[in-house]
Amino acid sequence: MNCRSEVLEVTVEARQVEEAMLALLHTVLLHRSTGKFHYKKEGTYSIGTVGTLDIDCDFIDFTFVRVSSEELDRMIRKAVNEFKDALSNSGSDGMGQISLEFYQKKKSRWPFSDECIPWEVWSIKVNVVNLANEQERQICLEKVGEKLGEKVINVVEVINRHEYLPKMPTQSEVDNVFDTSLKDVQPYLYKISYQITDTLGTSVSTTMRRLIKDTLAL
Amino acid sequence: MDGDLSLQDKKDLDKFIKFFALKTVQVIVQARLGEKIFTRSSSSPTGSDWFNLAIKDIPEVTHEAKKALAGQLPGIGRSMCVEISLKTSEGDSMELETWCLEMNEKCDKDIKVSYTVYNRLSVLLKSLLAITRVTPAYKLSRKQGHDYVILYRIYFGEVQLTGLGEGFQSVRVGVVGTPVGTVTLSCAYRTNLAFMSSRQFQRSAPITGIIVDHFVDPPFNSQRPPTMGHPCNYRAPDDEEGGPFPGVQDSQEVCTTSFSTSPPSQLYASRFSQQQQPAAPVSPVAPGTAELCHPAANANQMLYPVKEGGVASSPAPPAPGADAHLADPAPNTPCSSGDDDGLSQSGERHRDERRRSLTPADPLEFLNTFTRKVGAFVNKPNAQMTTGCLDVPFSALIPRVLESDDVDPLVHPPDSPPCPSPLQASLHSESSEGSGQQEDFVMVDFRPAFSKDDLLPMDLGTFYREFQNPPQLASLSLNISSQSMAEDLDSLPEKLRIYEKNIDEFDAFVDMLQ
């Protein structure tokens with residue numbers, strides 16, 4: 001099966017990295033989470049209710065909606081903070097990419113371990129810029145908010161194509177498709193990974209820095 | 001075809017679409033309430049959470065939605081629309097966005113209703129939750145309160161997007177195919193938020209700054225629960241006692257009242273303000289007649305001393321120094337007659353006459369060609385007027401001009417006091433034959449630009465006069481600027497000593513700021 005892959009790019013200040021990542025990851029997860037399944041007899045199941053919550057960003061002029069699940073939020077924040085720390089340790093003009101991958105487990109026979117087959121990958125490329133003064137920061141605050149809004153629209157557009165989704169599993173298969181470890185919601189099985197790319201040559205990064213600064217100066 | 005769909009499926013599909021429509025309205029309206037929404041997840045399913053999403057139902061909103069649907073369902077050619085608009089405390093309103101739930105003919109026969117369609121509708125609702133926070137109206141709705149409120153209106157039928165102004169944008173939230181058609185949810189939102197752009201019945205806050213108290217009649221009461229930032233079409237489910245306002249149960253009613261016109265006086269002013277003349281040569285124009293008078297025409301009229309109120313005439317060539325637009329002098333009459341509306345002799349100088357009259361190049365010629373005409377903007381002849389001086393109209397004006405400070409700051413930015421305006425100086429020099437017949441100069445109202453004549457008419461004029469020639473700033477006067485650098489340096493130790501003495505105060509101040 002083909003894995004659907006979507007790439008989103010954002011350019012943010014260092015202090016905006018966390019909220020931008022949370023906004024986009026939670027938006028995807030909102031669409032990729034359901035209520036808890038309760039299997040009944042005869043193979044039917046009922047689904048719990050997913051609540052939602054508005055989150056205002058402090059460093060970006062933006063509000064996003066996430067699933068009302070503190071457990072899920074904690075796990076996402078943990079991953080985002082690791083990414084953020086890695087980015088900041090890599091250098092001031094770091095570039096990085098955080099990926100949210102939805103996968104299915106395919107049981108293999110012994111001695112092979114289970115396969116993880118991704119069916120959708122969201123990659124968020126991040127360019128971190130340093131801004132010189134408060135005026136630029138203020139412009140950045142609003143511009144990044146607008147950009148995030150566009151990204152949310154992109155996410156929604158992709159998701160509403162209603163392309164491949166794993167079949168609803170039977171009770172025995174549910175753990176191959178969904179993460180059932182949370183007590184209030186049930187997202188599809190996912191994993192978050194990241195990579196820091198600091199391999200750009202100086203000239204390229206200087207040019208990029210200048211381009212970004214020029215854009216913000218407009 | 002419906003025949004392919006089992007009866008149960010058809011029933012289910014209708015129910016899904018109906019509740020989807022109701023939930024859509026709830027999501028949109030709740031997203032415009034002005035505050036953050038929070039609902040809990042629940043692992044045990046409750047029977048009432050449609051689409052497995054916790055979306056509260058505000059009863060009024062459901063009521064409005066059901067009323068709009070009137071038992072029908074969104075279908076082909078029958079769209080359900082939620083219109084979000086903004087209404088200011090002054091009564092202006094503007095449509096911000098229109099959310100449309102439409103159905104088209106494209107059917108997906110193979111899709112399973114009770115399973116796939118339901119789940120996809122659930123995803124679509126989640127998308128709606130996300131997108132409602134992204135459109136520009138969200139930020140506006142979060143800031144609603146004192147100056148404006150956000151209103152909604154639900155209607156069914158044809159989509160109306162004309163109220164969104166030019167250049168509106170569209171965003172598609174999503175689509176769900178069903179066996180009877182494809183459900184599409186989209187939003188068209190205004191991008192041009194300039195308020196005064198094209199509304200016919202705009203407010204017009206008087207530009208003079210004589211402002212009707214915005215908060216005399218606030219659109220909502222401060223006692224209102226903070227969740228409800230707007231008129232009481234919808235209130236929190238637990239707010240049973242109702243808002244402090246008489247309930248407007250019908251959202252459409254609210255919307256129609258939001259289009260109330262401004263009071264007539266403001267309409268005139270609004271016309272006036274839309275007819276902005278260039279600031280400098282703006283003549284004191286009676287409200288309501290602005291569109292009829294042109295500065296150049298006024299310039300013609302200004303030059304003539306007043307004989308009696310009424311018609312000014314003489315299409316003498318306007319002075320080159322006057323306004324560049326050569327307008328038809330015919331508007332004299334309307335202008336003058338317009339002045340009959342409540343103009344009163346104010347004792348103000350007819351500054352505009354003088355100001356607009358001539359460049360230094362022409363005065364003599366003009367004076368020579370002067371004939372006795374009736375001036376504009378005068379309805380009561382000045383008792384001081386005599387017939388004798390009219391050959392040299394500016395003779396009457398000039399002495400007064402030189403004596404007083406009355407230089408219109410818009411045309412002649414005040415120079416330092418010793419130096420009269422160039423126009424004054426030139427008039428004086430050119431019109432040496434002026435005989436200082438002060439009693440002949442024309443007393444006409446000074447009607448400053450942008451003033452309304454029905455509210456304290458002379459406030460602005462008084463202001464102009466008082467502040468036309470402010471005293472020179474001390475720091476700009478010559479004697480100070482000629483202080484040498486050496487003197488500055490000499491004074492530094494003294495200053496430093498003083499600052500050090502007060503160092504505690506400064507530290508306390510800095511601490512206060514942190």
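In chain B, strand β5 (residues 181-189) is mostly covered, with nine of its nine residues buried; buried denotes a relative accessible area under 20%, exposed over 50%, and partly exposed the range in between, with a 1.4 Å probe and protein chains only. Helices (H or I, at least four residues) and strands (E, at least two) are DSSP runs numbered from the N terminus. The model is predicted, and local features require pLDDT of at least 70, side-chain atom pairs count only at pLDDT 80 or more, and totals for chains, interfaces and linings use all residues. Residues are numbered from 1 along each chain as its sequence is written, chains are lettered from A and ligands numbered from 1 in the order in which they are written, and side-chain values use heavy atoms, with hydrogens and water left out.

β5(B) pairs with two strands described here, pairing being assigned if DSSP finds at least two bridges between the strands. With strand β2 (residues 93-104) of chain B, β5(B) pairs in the antiparallel sense over eight bridges, and Val183(B) of β5(B) is the bridge partner of Met103(B). Strand β4 (residues 169-178) of chain B also runs antiparallel to β5(B), joined to it by nine bridges. Here Thr182(B) in β5(B) stands opposite Gly177(B). β4(B) and β5(B) are connected as a hairpin through two residues.

Chain A contains five helices and 10 strands. Of its 218 residues, 52% count as buried. Contact is defined as heavy atoms within 4.5 Å; among contacts in chain A with a separation of 6 or more, 71% are between residues 24 or more positions apart. One open sheet of chain A has four strands in the order β1-β8-β7-β10, with mixed pairing. The edges are formed by β1 (4-13) and β10 (190-197) of chain A, each with a single partner strand, so one side of each lacks a neighbour in the sheet. From one strand to the next the twist averages 20°, where axes are lines fitted to C-alpha atoms (for helices over the stretch in contact) and angles run from 0 to 180 degrees between N-to-C directions. Within the sheet, strand β7 (residues 95-106) and strand β8 (residues 115-129) of chain A pair in the antiparallel sense over 12 bridges, and Ser99(A) stands opposite Ser123(A) in β8(A).

Helix α3 (residues 134-159) of chain A lies across β1 and β8 of chain A, at about 170° to β1(A). The axis of α3(A) also comes within 10 Å of that of helix α3 (residues 113-131) of chain B, crossing at roughly 170°. α3(A) and α3(B) are therefore roughly antiparallel to each other (angles under 35 degrees count as roughly parallel, over 145 as roughly antiparallel, 65 to 115 as roughly perpendicular and the rest as oblique). Val152(A), Ile153(A), Val156(A) and Ile159(A) of α3(A) make the contact with Val123(B), Ser127(B), Ala130(B) and Ile131(B) of α3(B).

Across the whole interface, 35 residues of chain A are in contact with 36 residues of chain B. The two chains bury about 2900 Å² between them, 55% of it on carbon and sulfur atoms; buried area is the accessible area (1.4 Å probe) that two parts lose on being put together, summed over both. On the chain A side, Thr49(A), Asp54(A) and His162(A) lose the most area to chain B, together 22% of what that side buries.
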